[in-house]
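Work through the exercises below with the sequence and the model open. Try each task before reading its solution.

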Amino acid sequence: MDVSILFKIGAIGILTTVICQLFQHQGRGDLATLVGLAGLVIVLVIVLSMVSDLFSTIKTLFELY
């Protein structure tokens, strides 16, 4: 695991928060919610791919088929 992945997740979180706050101040709470959900989905996809790689590594390490 690289530190760059943590920076990417942090950057996505900060960007999502800023955009949500901008939409909230404009009175567009529905769009703010959608942006928050989109940020969450993006981070979940990144984490799920990392977990998939972890399971592949464990499978290879223990030679499980």
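**Exercise 1. Find the residue with a positive phi that follows helix H1, and check the length of H1.**

Solution. Step 1: helices are DSSP runs of H or I with at least four residues, strands are runs of E with at least two, and both are numbered from the N terminus. Step 2: Gly 27 follows H1, and its phi is positive, near 80 degrees. Step 3: H1 has 23 residues, and the distance from its first C-alpha to its last is 33 Å. Step 4: the expected span of a helix is 1.5 Å times one less than its number of residues. For H1 this expected value is 33 Å, and the reach of the helix is close to it.

The model is predicted: local features need pLDDT of at least 70, side-chain atom pairs count only at pLDDT 80 or more, and totals for chains, interfaces and linings use all residues. Residues are numbered from 1 along each chain as its sequence is written, and side-chain values use heavy atoms, with hydrogens and water left out.

**Exercise 2. Which residue just after H2 has a positive phi, and what span should H2 have at 1.5 Å a residue?**

Solution. Step 2: H2 has 34 residues, so it should span 50 Å at 1.5 Å a residue. Step 3: the end C-alpha atoms of H2 are 49 Å apart, which agrees.

**Exercise 3. Is Thr 16 buried or exposed, and which residues does it touch?**

Solution. Step 1: Thr 16 lies in helix H1, which covers residues 3-25. Step 2: buried means under 20% relative accessible area, exposed over 50%, and partly exposed in between (1.4 Å probe, protein chains only). Step 3: Thr 16 has a relative accessible area of 15%, so it is buried. Step 4: contact means heavy atoms within 4.5 Å. Not counting residues up to four places away in sequence, Thr 16 touches Val 35, Gly 36 and Gly 39.

**Exercise 4. Classify Val 43, Ile 42 and Leu 61 by accessibility.**

Solution. Step 1: Val 43 is in helix H2, and its relative accessible area of 18% makes it buried. Leaving aside neighbours within four places in sequence, Val 43 is in contact with Ile 9 and Ile 12. Step 2: Ile 42 is also found in H2; at 43% relative accessibility, Ile 42 counts as partly exposed. Step 3: Leu 61 is in H2, residues 29-62, and counts as exposed because its relative accessibility is 62%. Step 4: the buried residues of H2 are Ala 32, Gly 39 and Val 43, and what covers them includes H1.

**Exercise 5. How many helices and strands does the protein chain have, and what is its radius of gyration?**

Solution. Step 1: the protein chain has two helices and zero strands. Step 2: the radius of gyration is taken over C-alpha atoms, and the globule rule is 2.2 Å times the number of residues to the power 0.38. Step 3: for a compact globule of 65 residues the radius would be near 11 Å, but the protein chain has 17 Å. Step 4: the C-alpha trace spans about 55 × 25 × 5 Å along its principal axes. Step 5: of the 65 residues, 8% count as buried.
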